[in-house]
Structure formats: C-alpha cells, structure tokens
Amino acid sequence: MLELKKLDWYSWTRRCLMAFCVAFGLSENAASQGAFLILDTTQHVRLYDFAEYCTAPTEGKRIDEITKLPFVPFSTDFKPLAADTHWLRFSLKNSHPQSIYMLLSIDHWDFATIYHEQGENLWASKESGVLMPYWQRPIQTGHIPYLQIAIRPISEQTYYVKLVNKSNFHKTNQLVFKSLEGLSLRNFESVRQDYEERRFWQGIYIGAMLLMTFYNLSLFVFVRDKSYLYYSLFIFFDVFANAILEGFGLEYIWPSFPVLNLYSAYPIYSFSWLFFDIFIIHFLNIRQTAANWAFKAIVGLAAAKMLFVVLAMFDVWWLSYHLGMVVLSVIAILIANISAMRNKYRPARFLFLANIFFLFGFLVQTLAAQVVIPQNIYTLNATQFGDVLQILLFSLALADRINSMRDELEEQHIEQERLKYTQEMERKRIAEEQKVQLELEVKRRTHEIEAINDELSDQKAELERSQTEIKQAFNDIMVISEVGKDITSELGIKSIVTRVYEHISKLMDADVFAIGMYDSEKQELEFEEYLIKGVPQPKVTLSIDEEDRISLWCLTNKKPLFINDFDLEYSMYLKTKRPSKIVESRQSLLYFPLETEHGVIGVLTVQSMRKNAYNQKHFKILESLAAYIAIALDNTAAYLQIDEDRKEIELKNRQITASLRYASDIQEILLPSEEVFVKFFKESFIIYKPKDIVSGDFYWIREFQNKVFLGVGDCTGHGVPGAFMTMLGISLLDQIVLDFGYSNDLVGILTSLNTNIQKLLKQDAQENSDGMDLALCIIASDRNDSQKKNIVYAGAKRNLYYFRDSKAQLFELKGAKKSIGGSPKKRSNLEFLQEELILSVGNELYFTTDGYADQASETREKIGSTRLKEALALNANADMAFQKDYLLDMLAKHQGEAEQRDDITIIGLRL
C-alpha cells in the first residue's frame, strides 16, 4: 500500500502562486485534446475534458490490440454508457525536473485497470475498483478507490484505462452517478487532506447522531411516546446508511466483502425514510391535522420506497426514481406540516423548519453530485449538515410537543377540578331535594306497610292451614309410595291382595277389599281372592254378559265409581238393584279399573257397610294405588310367562347342546389322533381350540408308500356350518387324493377340490360363497440320503412356516391368494401353485389357520402374524411340548377376558 505523505510549505506556496496559470492551462488542455500539461500537482483535473474514448468493440482484445483501435474525444451528444466495458486514452506531460505523482479517482466503477508502456510491447498495469476488497486496493482512502500515476521528469506519457461495471447497481445508474464525468486526477496531499477532513466531520456527525439516538430511546423508555421510538430508528438507520456510504463499513467491518458496502447502503437509507414517514404521521397526527389525501400520499410514497427495497433484493436498482420518491415524500410532509400549522398545532413549526433545512441540504448535495454547482466539502456534505439541523430542530419540536402536552394536561387538570367542583355542588343540591322527597315517601310507605302487615297476618293464618293440609298430603303420598313399592315387589294375586289390604285398612274403612281379574278368552271377571273383614272368601266369577253389576260397569266403561249411599245412587249406573255376589249389604263403595299398556286387566274395589264412609282423599289414595296394583299384576303375568318360556328354552338348549356334543364326538373321530403324528414324526404338537362346541377348522393326514399327506383347513364360518364344511372337506380330500393315485400333483388336487365344492354346493346357480382356506403338504424321505426330506407344498390362502438347519431364520412358503370354493362372482382368476424344497431331519414345519393371529385382546388389539412368527422363532430349539405350552400361555395372556373370535388350529412338526 502506498502511504499518503504531507506536502511541505514550499509545495503549498508554489501551488498558490501557480493557481492563475493553472486556470488557463486547464482551458487550453481541454480544448486541444492533446497531451495534458501538468503545471501544478495541486490541480484537480477531469479526464472528461481531455481524454479520448474508444468507439470500436473491445471484448477479448489485448492491450496491444486496443492501442490500434480508433479513439475519439468526448462530445456533448456522445453517450458511451451502453456497454459494460469502456476504454479511455489520455496523455500527461511533465515539464518539471522531478517526477509527478497523481491519483486517478475511479468512484462508481466496479473495476478499473490503468496501462502505460514501459518499453516496446512491454506494458505495466495497476488495478483497483469498488468491488475490490479494501485490503487489496493500492490506495486505501475510505470508500473511493484510486489508481496511482507516476510521470517521469520532462516527459510525456500515454495511459489507457479499462473501466468495467459488472454489478447491476452501477450498470443501471451510470447516468445518475455520471461515472465517466466523475473520473478525475488529484494529488496525494489533496486526497489525504480531503480524507482526514471527511473523517473528522463524519466522526463528529456520527457521534452526534448516535447520541441523539440513545437520548431519544431513553426518552421513549421513560415517556412511552412512540414518536421517540420512530425518531430514534430514523436517526439510527440514517447514520448507518451514511457510515456505509462514507466507507466505514468497508474499512472496519467487512473489508473483504465490498459488495456489502455497495448493496446495503440504499436499502438501509430507505428504512430510515420509512421510519421518518411513520414518525411524521404519528408526531403530527396527520389523520386529524391534515387532509386525508396528504395521509394517503405519505403512506403511498412510503410503500413505493419499500417497493424499491424489494426490487433491490432481485438486483433491480432505480436510484433516480427512488430519489424522486424521497423528494415527493418531503414535499408531501411539508404540505401536511403546513396544514398542521394552520390547525394551530404548535410543535409543527419546528418540524417545518427542520424539513426545510433537510430538503435544502438534500437538493444542494444532489446538485453537487451532478456537477451542477461546485463540489466542495460543504456542497458534497450538505445532506449531513441538513440532517444535523433537522435533528436539532426535531429535538426542539419534540421538546415543544412535551411542553404542549404538559400545558394540555394542566388545562385538562384545571378543567377537571372545575367540573368536579360543579358536580359536587350539583350533587349536594340534588341530595337536599332527594332528602325532602324521601321523607315524604317514607311516610307514605309506612302507611302502606302497616296495611300490608295486616294483610300478611291473614295470609299467615291461611298458610298455616295450607301447610297442615300439605303436610298431611305429603304424608299420604309417602304412604302411597311405600305401599306402591311394597306391592310392585309382590308376584301372585293372593299375596298382592293380602299386602294391599294390610295398608288400605290403616287408611280407610275396608269392610270389603277385592281384586277381580279379567279373562279375555273366557269373557269373565274372576275374583279369585277377596277379603271380608280381613277373612279370605271363596272365588266368585261374573260373566261379562251379566247385567246390572257395578264391577262389570267399571270394567266395560273403564271409569272409576264413587258411591257413598248405594240405595240412592245405584240408578246412576244400573237399571235395577240386584244383590251383590260378593257381599249382601254395603252402602259406600269405590271401584277403579286396573289398566296397563295392554288394556284393562281387572277392577279394584273397597266397600263399607256404612254410608258416607269415603271422601276425596280416600278416592285419590285408592286411585294412585290402582296404578301400582295394575303394574304388580302385569309383572306377575309377565313373570309367569317368562318362567314358562325359560323352562322351554332350557329344555331346547339341553337338546341342542346334546346334539352338538354328539356332532363334536363325530368330528373328533374324523380328525387324526396325536398317536398318528407320533408314528410319522420325531416330535409334534397340536393346538386345536374350536370357538364353539364344533369347529370350522380341520386337520387331515394320510400315508401312502412312505409319503405322508398332511392338510390343515379353515372353512367358512365356525360352529355347525363350519363343522359341516370340515366333514365335506375331509371326505372330498380322501376321494380326490385316492383318484389322483397319491401323486405329487398338489395343484391338481386343489383344483379338483375347488371344482367339487362348487358343484356340490351349487355355487354356479346360487349366491353361495362358502369355501375354505387350505394348506396341503407331502413329506417324503429322500431315496439317496436318509437324513433328507423332500417337501411338496401348495396352499389356498394359507402359508407354510419352516426352519432350516441353522434355525437362525424363519422361512415361509406362501400359498395362492385364492380360496377353495366360493361364489362365481368372487372367484379369482389366479391359479394354484406348488413349491418343493429339501429339509433335514430335525427341521421344523408349522401349519396354522388364521384364528390365532386374529385373536383380539380386551382392547381389540390382534396378536398378528408378526408376533406369531416371532414366538415361533424364539422357541425354535425347544421341545414341541414346550412350544405348545408357550403359544397357549401367550394366547391366554393376550386374550384375557375377551371372547374367542374364531376357531384356532396350529400344528408343529419336527422331521
């Protein structure tokens, strides 16, 4: 890195003396377009005034080829910014006896390379640029990259400059930055001095702004006014953006990543303006103090600025439009500010001045950046000066806002105190008026209360009488309830009559108590049990055709009777007065029909030898008891019928169970015994658990010429239907295997079995889906090796499990996915297949139906085929008896109290 050195006083004086000559020299060189004469190293020279531009395509050409291309001077109508790569040529002449060192400023260019010829076809070059890491730059002076130019004494040197813009940021905005017009030559001392001055003022600016940020944040914490928060965020992002533009980020934070410095400043600056807009809206309360269109304009412009941030994420940069949005936003804020001032919003005055200063600084810096006005430390930093003045005035505005709020609070407090005093005086006046009204009301209410007390005394006496009656009625209800419970628990007409009479005789006069039952088939009313003075009397029967009977009138009309003087009142119900069959003389009587949901089943009567023996209370009591008696009699009839049905069902159940047990004995005779398996196999076990007395599972074994045929079947359903299918399956297997001559053609045997079942069950003509799943196997000794066994297997939806010599893995031969038999609509087009394998003596085979795997627990969880296979693998080396016990114990623990779902069959064999 080339260090900047301070110029001595001699150089400074010499520059001042030559200033006048410099002005004329500049104009002369700019006009000639020849070698530019360096008269003084303090000159600030624009390349645009004397450099030449290459108009021919330069892509991929070497420097020696570039020198031969045509270069032309710049003109006012010349716009060379369409391409990404540009070449400039210029010549510098040194008339001094010592070398001159100048710096070429290449701001707003991603990469720049300067070439000068040192000998024939020998070129020296230096490179720098905005996208070059800070630590790789030859001259490290903040955010602006420089290239050093050394001109030997009394000589003229031609330079070629290659300028490249790769980033869309610079390519899109070259006209905004005036990239070519901004190229200039400066001496070391002026660059160093400008760098130090900018750093000094920027340090003061950033420090002051950060202090204001923390100050306003602290005010937000204590005051809880969001204006301070938005204002602090505005200052913070504004300072952050300025620090990045000034190169602090590139120099101290990300020196190896200049692209961050390039792309981050303007989005961050947009965020500062977003919070500025929010601050203005909140501080000025624009919705109330300004026109509605002003609020919409500020919000819309803020959204537009955020749109530029979003576009920047996709590498789309329209800085000219963005700057235009900022200017329009400030103008809209000023209009809203003026509207707030017209509405006498006091803090708006300082805010208006602050925005004027900021807008003025922004315009001055923009004009200086476009070289419309002279560029110096004041014009190029006018926005920052405007920022400082704006922030100071904003602070005054915020302070004035606090004072304004304090004044408003004081005024509100005074108004509240005045209102409180007025309300207190009004309350006292109203209280006095209410006191007078209340005294008058108390006198009036006292007279009313006295009259009410007299009325209440009368009502109290009436209530006491009512309470006595209610208490008596409650006691009667309790008695009736207890009697009803007692009656409904009895079964049998005699016990009901006796139990009811015990209670009725305590409540009323009951010289006669009787219950008559109606026989609808005989058309008779039969008093099987009735009492006179508590003594049982012989049965009395009345034909329904008899006339002038009180009991028959009650039965046929289904209405109660209440008679207290029979001699006078009988004519209301009977044509003639006939002597009673129950008792010779009675004067008072009550009759009630006994009804259930099936109709009238009889009558209830209580009779007395004296007149006027009953009242309404007796009538109500007996009416309530009639319902209980009807229920008890209905329960008796139902119980008798249920008992008769139960005896008949038990008889039939014993007959059916006996038949099923006989069928089970027949089924067991058809199944091979365990002794048969002992004859053919080294070890074996059989788990055979029918769901019902008879089973839908079966196992079958036959021997022919040293071959053992073994089958395990699972027929459709269980119980009696399944048992019939097992007998059919066993019978057909015997016949078909014999017809096939005990051959190894298991596919033919299964196919023939399938055809025979369909034919026998007429499944072609009927919707009959009965059938079976079957595992069929042939086990034969190998002729060449007595320790080997040849196995032939075929299955219909049943699989064969087996272990080889290592017993480390359970193998499985899968049957066809097709059952034997079934409805033609449900038949599968799959064919039966058979497989053959060779096992050794001591290997194990297992045949199962699906009952074990499908057995559910009390929580409806199945055992599953996976757990069954794991259990078989776990005990492969154990005795067959132990394996059987293990499987049965596992089944019992899993099943618990759950019902067995299906027939279960598992057969294990050790060869």
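This is a guided tour of side-chain contacts and surface features in a predicted model.

**Aromatic pairs**

Start with the rings; the whole structure has 22 aromatic pairs. Select phenylalanine 562 and phenylalanine 619. Their ring centres are 5.6 Å apart and their planes meet at 15 degrees, so the pair is stacked. Phenylalanine 562 belongs to strand 16 (residues 561-563) and phenylalanine 619 to helix 18 (residues 616-670), so this pair links distant parts of the chain, 57 residues apart. Phenylalanine 562 is partly exposed, at 22% relative accessibility, whereas phenylalanine 619 is buried, at 13%.

Next, select phenylalanine 677 and tyrosine 699. This aromatic pair is tilted, with 6.1 Å from centre to centre and 55 degrees between the planes. Phenylalanine 677 is in helix 19 (residues 674-680) and tyrosine 699 in strand 20 (residues 697-704), so the contact ties together parts 22 residues apart in sequence. Phenylalanine 677 is buried, with 0% relative accessibility, and tyrosine 699 is buried at 7%.

Then select Phe236, Phe237, Phe240 and Phe275, which form one aromatic cluster.

**Charges over rings**

Show arginine 586 with phenylalanine 566. The charged end of arginine 586 sits over the ring of phenylalanine 566, 4.3 Å from the ring centre. Move on to lysine 818, which lies over the face of phenylalanine 832 at 4.8 Å from the centre of that ring.

**Salt bridges**

The whole structure has 21 salt bridges. Select lysine 533 and aspartate 511, whose side chains meet in one of them at 2.9 Å, N to O. Lysine 533 is in the loop between strand 13 (524-532) and strand 14 (535-537), and aspartate 511 is in the loop between helix 15 (493-507) and strand 12 (512-519), so the bridge ties together parts 22 residues apart in sequence. Lysine 533 is exposed, at 55% relative accessibility, while aspartate 511 is buried, at 8%.

Now pick aspartate 565 and lysine 611, which form a salt bridge at 3.6 Å, N to O. Aspartate 565 lies in the loop between strand 16 and helix 17 (566-569), and lysine 611 in the loop between strand 18 (599-608) and helix 18, so these parts, 46 residues apart in sequence, are tied together. Aspartate 565 is buried, with a relative accessibility of 11%; lysine 611 is partly exposed, at 42%.

Continue to glutamate 812 and lysine 869, where the side chains meet in a salt bridge of 3.4 Å, N to O. Glutamate 812 is in strand 25 (residues 810-813) and lysine 869 in helix 23 (residues 864-874), so parts 57 residues apart in sequence are tied together. Glutamate 812 is partly exposed at 28% relative accessible area, and lysine 869 is partly exposed at 25%. To finish with charges, select Arg62, Asp64 and Glu65: salt bridges with shared partners join them into one network.

**A nonpolar surface patch**

Switch to a surface view and select Trp293, Leu328, Ile331 and Ile335. Together they form a nonpolar patch with about 380 Å² of accessible area. Helix 12 (residues 319-342) supplies the largest share of the patch, three residues. Isoleucine 335 is in helix 12 and is partly exposed, with a relative accessible area of 37%.

**Cysteines**

Last, select cysteine 54 and cysteine 715. Cysteine 54 is buried at 4% relative accessibility, and cysteine 715 is buried at 3%. The structure holds zero disulfides.

Methods
Residues are numbered from 1 along each chain as its sequence is written. This is a predicted model: local features need pLDDT of at least 70, side-chain atom pairs count only at pLDDT 80 or more; totals for chains, interfaces and linings use all residues. Side-chain values use heavy atoms; hydrogens and water are left out. A disulfide is a pair of cysteine sulfur atoms within 2.5 Å. Buried means under 20% relative accessible area, exposed over 50%, partly exposed in between (1.4 Å probe, protein chains only). Patches are made of residues with over 30% relative accessible area and no salt bridge: like charges are joined within 9 Å, nonpolar side chains (Val, Leu, Ile, Met, Phe, Trp, Tyr) within 5 Å. Accessible areas come from the Shrake-Rupley method with a 1.4 Å probe; for residues, only the protein chains shown count as cover. A salt bridge is a side-chain nitrogen of Lys or Arg within 4 Å of a carboxyl oxygen of Asp or Glu. Helices (H or I, at least four residues) and strands (E, at least two) are DSSP runs, numbered from the N terminus. Rings of Phe, Tyr and Trp (its six-membered ring) pair if their centres lie within 6.5 Å; planes under 30 degrees apart count as stacked, over 60 as edge-to-face and the rest as tilted. A charge sits over a ring if NZ of Lys or CZ of Arg is within 6 Å of the ring centre and within 35 degrees of the ring normal.
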